[in-house]
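Below are some notes for a colleague who is new to this structure. Please read them with the model open.

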Amino acid sequence: MSDILLRIVEKQKAGIPAGIVSVCTSNGYAIKSAMKHAMEYDVPVLLEATANQVDQAGGYTGMKPVDFIAFIHNIAQEINFPVKRIILGGDHLGPLTRKHLDEKEAMEYAEVLVSEYVSAGFSKIHLDTSMKLGSDPAGEALHISTVAERGARLCIAAEAAFKQRSEKYPAETPPFYIIGSEVPIPGGAQDPEEGADVTSPEHCRETFETYKQVFSKHNLDDAFKRVIALVVQTGAEFGDTDIYPYSSEKARSLTEYGRKNLPFVFEGHSTDYQTEDSLKAMVKDGIAFLKVGPALTFALREALFMLEMIEQEVYYGTSWDASNFRDVLELAMLNNPGYWKNHYHGDARKQYFSRKFSFSDRARYFLNDPEVEKAVNCLVRNINNFEIPISLLSQYMPREMYEFAKNKRDLKAEDLIDMHIGFYLDNYYKAILPDELR
């Protein structure tokens, strides 16, 4: 299925809007919803694991690259999603989680990371060396040539890993690469106003030319032909409380330069919470890869909060095992502030609000906490053990209530969760469809 990525680039270069939704999450509910809606819209699904989620040590999910693939295939089997319609990508593969180390240690880690992703069978590889490392001079911007040299090192490791893999799977195509030197921070910007800037055509040109020269110097000309996208700042961004919408006008000089001068397309990060019209405009402008992640777990958290309100109403006055999901999640976040303290600022009340309702959705890091998982499972079980009055659906999940009214079927907690995440996904899948299919 990885050849679909090449066809998207070919269509864009021919002036035909084409794109794909890149679902960047390790959450089972979000992944399952992405697959279900991909089936509904009859499109393939691109699923990406990020370096901090999945790495050679297990990341914060406890999964290595091979484990993530097994996880994906198990979900696909559960809902009868064709494995052949799954494209697997690795996002921000580089020294992201080791940037505090000096270059030698950080890059050695990154080379192993990229190798393990390619060896496992990931076919879309984002080579991200845009971050400064512990040994880089303080107060100086990282030069594009340094970013490109480090990117070439990772590409060499990836190509070697694929050569080994191809001995076992000779029919597989080599990996496609994503490059870039102005890469938005994973999971949303800490200062979204900065992230809302747009990459200049001059920086875009310098990045392309530098990468091309450096890759050629390292005998990576064939690999460079498989670069399908450049990560840029598109102007679309989000943070704790802010959403910055994409503007075709603001990005025009960049997108026109890309359309006329680059052999590949742009990849848009931080597209979470954008409207269907904004996403459609991005695809039309040559931003063909639409990455979304935090918005999907934000939607999951919304659904779980609403289900807990329903749970409290239907079981009120009875003896029952309450899920206490909100309280359990809050305690888990307070016990391990490392995942959110640099993103949520202000006084105690503001931080309390952000832990629950921030667009940055740092709560996603705690959804695989054993106690949080236990609370979610309890909540789902409680909802499924009781027939939800339609009036309660109308009160707490009105959009889902209308879907129920249309389909006239019993809804389980899992259906309601999938439906709510789907409201966010719909914007993406509609944005990448041809006009006649919208």
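1. Strand 3 and strand 4 (residues 124-127) run parallel and are joined by three bridges. Strands here are DSSP E runs of at least two residues, helices are H or I runs of at least four, and both are numbered from the N terminus. Two strands pair if DSSP finds at least two bridges between them. Leucine 93 has leucine 127 of strand 4 as its bridge partner.

2. On the source: this is a predicted model, in which local features need pLDDT of at least 70 and side-chain atom pairs count only at pLDDT 80 or more, while totals for chains, interfaces and linings use all residues. Residues are numbered from 1 along each chain as its sequence is written, and side-chain values use heavy atoms, with hydrogens and water left out.

3. Eight strands form a closed barrel in the order 1-2-3-4-5-6-9-10, with parallel pairing.

4. Isoleucine 86 belongs to strand 3 (residues 86-93). Isoleucine 86 counts as buried because its relative accessibility is 11%; buried means under 20% relative accessible area, exposed over 50%, and partly exposed in between (1.4 Å probe, protein chains only). Histidine 73 is 13 residues from isoleucine 86 in sequence and 9.0 Å away in space, C-alpha to C-alpha.

5. Aspartate 361 sits in the loop between helix 13 (348-357) and helix 14 (370-384). Beyond its neighbours within four places in sequence, aspartate 361 is in contact (heavy atoms within 4.5 Å) with Pro294, Thr297, Phe298 and Tyr344. A polar atom of the aspartate 361 side chain lies 3.4 Å from the backbone nitrogen of phenylalanine 298.

Technical notes:
Polar contact = N/O pair within 3.5 Å; in protein donor to acceptor, adjacent residues only side chain to side chain.
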